[in-house]
Amino acid sequence: MSQLQGGTATAARAPEGPADAGRVVVDGVGKTFGGAKARRGRAPVAHAALADVSLTIEPSEFVSIVGPSGCGKTTLLRMVAGLTRPDAGRVLVAGREVTGPGPERSMVFQQAGLLPWLTVMENISFGLRLQGVPAARRAERAAELVHLVQLEGFEQHLPGELSGGMQQRVGLARALAVDPKILLMDEPFGALDEITRRQMQGELLRIWAADRKTSLFVTHSVEEAVVLSDRIIVMGTKPGRVVAEIHVDLPRPRGTDVEETPDFLRLRNEVWQWLDRQL
Amino acid sequence: MSTTQTLAAPPGTGPAGSRRRRVLDAIGSPAGDGRARRFWSAAAPPLVVLVVLAVGWDVLAVRSGNFATPSVEEVLAAVPRVFGSAEAWRALAVSDLSLLLGYSIALLIGVPVGFLMARNPRLDRVLVPYLEIAVVVPMAVMMPVVLIALGLNRTAQVVVIILFALPFITAATRGGARTLPRLWTEMSLVFGAREAQVWRHVLLPGSIGTVVAGLRLGFAQALTGLVTVELTLIALGIGRQLITYQSHFQSAELFAFVGMLMAQSVVVMSALSLLETRVAKR
C-alpha cells in the first residue's frame, strides 16, 4: 500500500513508556545549505536540501529511505543521528527532541569509518570504551559480536588487513556493541561489489531478526530496500521531501531469495514507479 | 598406524646456528644472515663521500697555506682531546639545557595549539595569519627584540629557541589534524565522545605521524635557534667554547667541537626519525 505525494504528518507525542524507546518522529524538518556567502561576482545561492519532511518510525520497524541523489536522504539520517541540526521542524527520539548524538542511537557508515590503528576487537568496542565500560566487559561484548558477524579468527587484525565486506561487518558490530535502541545505516553496502553486497544483505537480515532494533536505512538500491524493509520511504528532490510510503508486506524471516517471489517484483516496480516520477 | 615422522632439525638452525650465522655475517661471509652486509651496503656510499670530502679538505688546507685551517689529521687528533675535555662537555650541557627547555616549551604549547586550531575554526582564523608569518619570516629578526625585552641571559636564549621551533610544531600539528577524515570525528561523536575523548582517541593517534614529523622539524629549528643565538648574541655554552677555541687559535679543537655538536644533533634527529618510522608503521 502506498501513500500519495505529500508524505505523512505525525504529531509528536510524549513518551508513554519503554515501548516508545525506539520510536523516531520527524516533524516538519527542513534544511537549507549555502546562501550565507556569495561567490565571487555571484549572488548567494541557497539550496533547500529538505523541506517539510515528516515521518514516524515505530519501534522495531525497519524503514528504508530511497531517492535520487540530492534528495536529502543522508541529511535526514544525520538529523536523526544528531550530527546535523534542522533549520525548521524537529526530530524526536522516544519523545525527546534530538539536539545531538545520544547513546540510544548508533550508526553504520558507508565507508565503515574504522580507526586504522585499532584492531577488530578494539574497533568493535570503541563506543563502549567511550562510555567507560570496563575492559573485561568490553572484551566480552566484542567477542559476542565477532561471533555474531562471523569474523572469528580476525580479532587482532587491523582494518587494512580486511576486505570491504569484512570492514562493514566490523562497522555493524561496532554499532550493535553499544546496544542502541535505534540503528542508523547510511548506505552501508554502497561501496561493496554486488556479490559481497548480497552476502551482507543476508547477514543483516539474520542479525536484525535476532534483535529487531528500530532501523533507518538509506540506500540507492530499490531491490535492497525491498529485501530488508518493513516500509520504504520514497523521497523526491528540489526540495527533498517524502513523496510516498510503501509498506513491504513480505513475510519474515526473509532471505535474499525473496527476490524471486512475485510480491517482491510487485513492490520493486511500485517503488520504481514513484522514483520514475521524480527523475 | 601413525605416519608422523619427526624430522631432524636442519643444520644451522637453533640457538647455536643463529650465533654462528651472526659471527659469519660480522666477518662478511656469505653464509651469514646478511644483515651486516645490508647495513654496510647502505652505509658505504655516504662514507665514501665523507672520505672524498676529507681528502679534498686536506688538499685545500695544504694548498691554502692558511695556518688556521687544520688538516683532517689534526682534527682527528683533536677529537679525543675535545671529547675528553670536561670544559667542552660543560659548555655543551649549558647549551643543551637551554635547548631542552626551549624545545619542551615549544612542544607543550605547539601541539595543543595546533590541535585547537584544527578543531576551532574561529580560533584558526585568528591565529593562522600569525602562524604563517612565523613560518615564513626568519625568527632571527626577533632576536634583538627578545634581547631588549629580557636581557642577555638564559631566559632570552630559551625564548629565542621557542620562537624558532614553535611555529613549525604548531603548523605540522594543525596540518595533520586538519587532514584527518571527518568521518572519524563524526563516528566518535555518534558513539558519544566528548571533546577530550575526540582528542585522545581520534585526533592524537590519527595525526601522530604528522605530529612527530613536526617535532623533528621543530627540533632542527630549535637547534638552529640555539646556535644562532649562541654565536651572535648570548654565548653561554657552546658559543663561549667556540670563542675560546677561536681566540686561542685552536682551530683543530674548534672543528672537533663542531663535530661533537653535529654528532649530538644526528643522534637526536635519528631517534626522532626512528620514532616517526615506528609511528608510521602502525
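1. A salt bridge here is a side-chain nitrogen of Lys or Arg within 4 Å of a carboxyl oxygen of Asp or Glu. By that rule, one salt bridge is found across the interface of chain B and chain A. The partners are the side chains of B:E186 and A:R78, with 2.6 Å from N to O.

2. Basis of the note. This is a predicted model, where local features need pLDDT of at least 70 and side-chain atom pairs count only at pLDDT 80 or more, while totals for chains, interfaces and linings use all residues. Residues are numbered from 1 along each chain as its sequence is written, chains are lettered from A and ligands numbered from 1 in the order in which they are written, and side-chain values use heavy atoms, with hydrogens and water left out.

3. Extent of the interface. Contact (heavy atoms within 4.5 Å) involves 21 residues from chain A and 17 residues from chain B. About 1,700 Å² is buried between the two chains, 72% of it on carbon and sulfur atoms. Buried area is the accessible area (1.4 Å probe) that two parts lose on being put together, summed over both.

4. Polar contacts. The rule finds two residue pairs in polar contact across the interface of chain B and chain A, both at pLDDT 80 or more. A polar contact is a pair of N or O atoms within 3.5 Å; within protein, one must be able to donate a hydrogen and the other to accept it, and residues adjacent in sequence count only if both atoms are side-chain atoms.

5. The chain B side. Helix 8 (182-190) and helix 9 (195-232) of chain B each supply at least two residues of the side that touches chain A. Helix 8 gives the most, with eight residues. Helices (H or I, at least four residues) and strands (E, at least two) are DSSP runs, numbered from the N terminus.

6. B:L127. This residue lies in helix 5 (residues 121-136) of chain B. B:L127 is partly exposed, at a relative accessible area of 28%; the class lies between buried (under 20%) and exposed (over 50%), with a 1.4 Å probe and protein chains only. Leaving aside residues up to four places away in sequence, B:L127 touches B:V113 and B:M117. The C-alpha atoms of B:L127 and B:M117 are 7.7 Å apart.

7. Strands of chain A. Strand 1 (residues 24-34) and strand 4 (residues 88-93) of chain A pair antiparallel over five bridges; pairing requires at least two DSSP bridges. A:D27 stands opposite A:R90 in strand 4 of chain A. Strand 4 and strand 5 of chain A form a hairpin with two residues between them, and A:A94 in the turn has a positive phi of about 55°.
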